[in-house]
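Good morning, and thank you for joining this group meeting. I would ask you to keep the structure in view while I speak.

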Amino acid sequence: MADTAVRTDRPRQRSPLPKPGTGTLVRAGVVAVLLLFALFGLPQLLSLYYIDSMTQVAVWSMAALGLGVLVGRVGLVSLGQVAVLSIGAWVAARLLFATAQPYPLVLLEAGLITMLIGTLIGLPALRLRGLYLALITLMLAGAITVVLATANFPNGGHGFFGYNGSLVRIPPIRRPGIAGSDPAYFRYAVVVAAVMFLLVLVHIRSRPGRAWAAIRQSEPAALAAGINTWFYKLWALALASFITGVAGGVLAGADHYLYSIDFPTYYSITLLAVVLMGGAYSLWGAIVAGLLWQLLPSVLQTWGVSADWLTILFGVGVLQVLTTAPAGLADQVPKDLARLGRLLRRLAERGRAGRGGVMAR
Amino acid sequence: MIEVDGLTVRFGGVTSLDGMSVTFESGTCGLIGPNGAGKTTFFNVLSGFVRPAAGTVRAFGEDLLSMVHFRRARWGVRRTFQTEQAIEQLSVFDNVAMIHEHARLGGAGRRRDVLDAIEFVGLDADPSAKVATLAAGQRRLVEVARAVVGRPRLVLLDEPAAGLPETETEHLSEVIRRIPGQAGALTILVDHDMSLVSACCETTAVLDFGKLIASGPTAEVLRDERVVSAYLGTAEVL
């Protein structure tokens, strides 16, 4: 009896499984065009000031992507993601000073070591959810900030920490040989970010992504479906830590010099705010978050407006998003644009009809 | 066969199940009682979400309570929820295939098995459609398809007809009646719709304040004075 699966003998009439449709191909085409434009168009169009800003956008988009995996995919609210980023940056800087390994290998190692540390730190927190998880991760971020302020970032010194406070001339953190200039390093950062986005996309479209969707909506339903929720939450935590660690490695090369004051604890809260504004449930949201976090201050600075206004702007933005567009700007803006397009079309049609009426008279 | 012996569940000072002892033999069995009687708590114990303070549950000779909750799906426990829990972000196919994917049922016949389950429940929707786009009745059927896919041994249906119109309830009733025969699973149905329970269940057990007050053939149970007094209010519900 128990070995009997449900069997039906009627001929099947429905289309059985999702196939890549026109929409998917169009989306893939748009992504490819945007990626090519970022790689070859932007460095030609932008000044060095904005190229540096866009490199930071690539870095922080990766950090937002990691946080988006936790918040948007699994429903785990972390307020310690910038501390994880600082761990990745520290590990990469230490490896870059201590060894002559190729840069991609250093990024991979930074990602893996950060993944290990991030997962170990987050392991006990996995028993918690919601406000308590957010509080615990915030406290952990604070602790990491204190440790980094004491240990300092590597500056070419010896020993485990690689820091020498008496150094007169501090060597910069090296970049890959093929990406020494700012435009080349920007391209490098975009390629690394693209690989990270692809990694998350593969996860979302496969078994872990489906398990995360179930866990986010209903943990009891996920358990009833045989999903080991603890394991898949751990998987999400490991993936988010890996991506954020790699982002830290790219940040190390972008900044050349790292200081603990570059990673204040409250940045993790602001990062969550921009992720929610951008859209925690979509990959595009992570890019929007990166643009809000890094490009917007540069633009405001160019206009002579203090970047401090951003704190207020982000506060209002989060309020607006949470009340009117929970899926974020990445979801809302295309809908609003489509609505605007329909409105303009209707107005144009009415105008044409009105002119026709006058001519007939 | 599910043998429940002395099952007791306490939440602080509240005793939700009080020494429940009952046997669910085969086919489709009803479990009824007023709100707060402990029906969903009983399902939660079988699913592994609630650890009982005392008692045993033997399912087809095996100690169900000793199994880790997420492994029970692999063993053959399936359930639906009072508040429908089809995963909105996933397609109909992925919702049903989730059981196969995580209960390690083997991948060779997965596709066929999942589509058969969707067809078995009579779900008139494209398997590739996102659940978020479906109507409430269709989403209920997705949950039921998830409960019958693979090789279920014990199917727990928690108020599957709640909020459904009469025509959809009738369709659901027909699907539930076919589960033991075609899926080969012992089915336990919790519902407040007595016509559904009467139509589907050969036997029924009744809980009141966590205590079992009656069990036996459904028609007899529904005429039982204790059941009428504690729950039905009138013997003419049929």
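**Two helices of chain A**

In this predicted model, let us begin with a pair of helices in chain A: helix 3 (residues 81-98) and helix 4 (residues 103-122) have axes that come within 9 Å and cross at roughly 135°. With that angle, helix 3 of chain A is oblique to helix 4 of chain A. The crossing of helix 3 of chain A past helix 4 of chain A is right-handed.

Which residues make the contact? From helix 3 of chain A they are A:V84, A:I87, A:G88, A:V91, A:A92, A:L95 and A:L96. From helix 4 of chain A, they include A:V106, A:L107, A:A110, A:I113 and A:I117. Sorted by class, the contact between helix 3 of chain A and helix 4 of chain A has 11 nonpolar, 4 polar and 1 charged residues.

**Chain A as a whole**

How many helices and strands does chain A have? The count is 13 helices and 0 strands. The C-alpha atoms of chain A fill a box of roughly 85 × 75 × 40 Å along the principal axes. Chain A has 361 residues, of which 42% count as buried. If we take the contacts in chain A between residues at least 6 apart in sequence, 75% of them join residues at least 24 apart.

**Two loop residues**

I turn now to the backbone. Most residues other than glycine have a negative phi. Against that background, A:N152 has a positive phi, near 65°. A:N152 lies in the loop between helix 5 (130-151) and helix 6 (182-204) of chain A. Is A:N152 buried or partly exposed? A:N152 counts as partly exposed, because it has 17 C-beta neighbours inside 10 Å, and a buried residue would need 20 or more.

A second residue of chain A, A:H256, also has a positive phi, near 70°. Its place is the loop between helix 9 (229-255) and helix 10 (266-278) of chain A. A:H256 has 13 C-beta neighbours inside 10 Å and therefore counts as partly exposed; the exposed class requires 12 or fewer.

**The open sheet of chain B**

Chain B contains an open sheet of 6 strands, in the order 6-7-8-3-9-10, with mixed pairing. Its edge strands are strand 6 (77-79) and strand 10 (211-217) of chain B, each of which pairs on one side only. On average, and ignoring direction, neighbouring strands of this sheet are turned by 20° against each other.

Within the sheet, strand 3 (residues 28-32) and strand 9 (residues 203-208) of chain B pair in the parallel sense over 4 bridges. There, B:L31 stands opposite B:A205 of strand 9. Helix 9 (residues 225-232) of chain B packs on the sheet and touches strand 3, strand 9 and strand 10 of chain B. The direction of helix 9 of chain B makes about 125° with that of strand 10 of chain B.

**Antiparallel strands and a hairpin**

Finally, strand 1 (residues 2-11) and strand 4 (residues 54-59) of chain B run antiparallel and are joined by 5 bridges. Here B:D5 stands opposite B:T56 of strand 4. Strand 4 of chain B is also joined to strand 5 (residues 62-63) of chain B, by 2 bridges and in the antiparallel sense. B:A59 has B:E62 in strand 5 as its bridge partner.

What do strand 4 and strand 5 of chain B form? They form a hairpin with 2 residues between them. In its turn, B:F60 has a positive phi of about 50°.

Methods. Residues are numbered from 1 along each chain as its sequence is written. Chains are lettered from A and ligands numbered from 1 in the order in which they are written. This is a predicted model: local features need pLDDT of at least 70, side-chain atom pairs count only at pLDDT 80 or more; totals for chains, interfaces and linings use all residues. Two strands pair if DSSP finds at least two bridges between them. Axes are lines fitted to C-alpha atoms, for helices over the stretch in contact, and angles run from 0 to 180 degrees between N-to-C directions. Two residues are in contact if their C-beta atoms, placed from the backbone, lie within 7 Å. Angles under 35 degrees count as roughly parallel, over 145 as roughly antiparallel, 65 to 115 as roughly perpendicular and the rest as oblique. A crossing is left-handed if the near helix is turned anticlockwise from the far one by less than a right angle, and right-handed if clockwise. Ala, Val, Leu, Ile, Met, Phe, Trp, Tyr, Cys and Pro count as nonpolar, Asp, Glu, Lys and Arg as charged, and the others, Gly among them, as polar.
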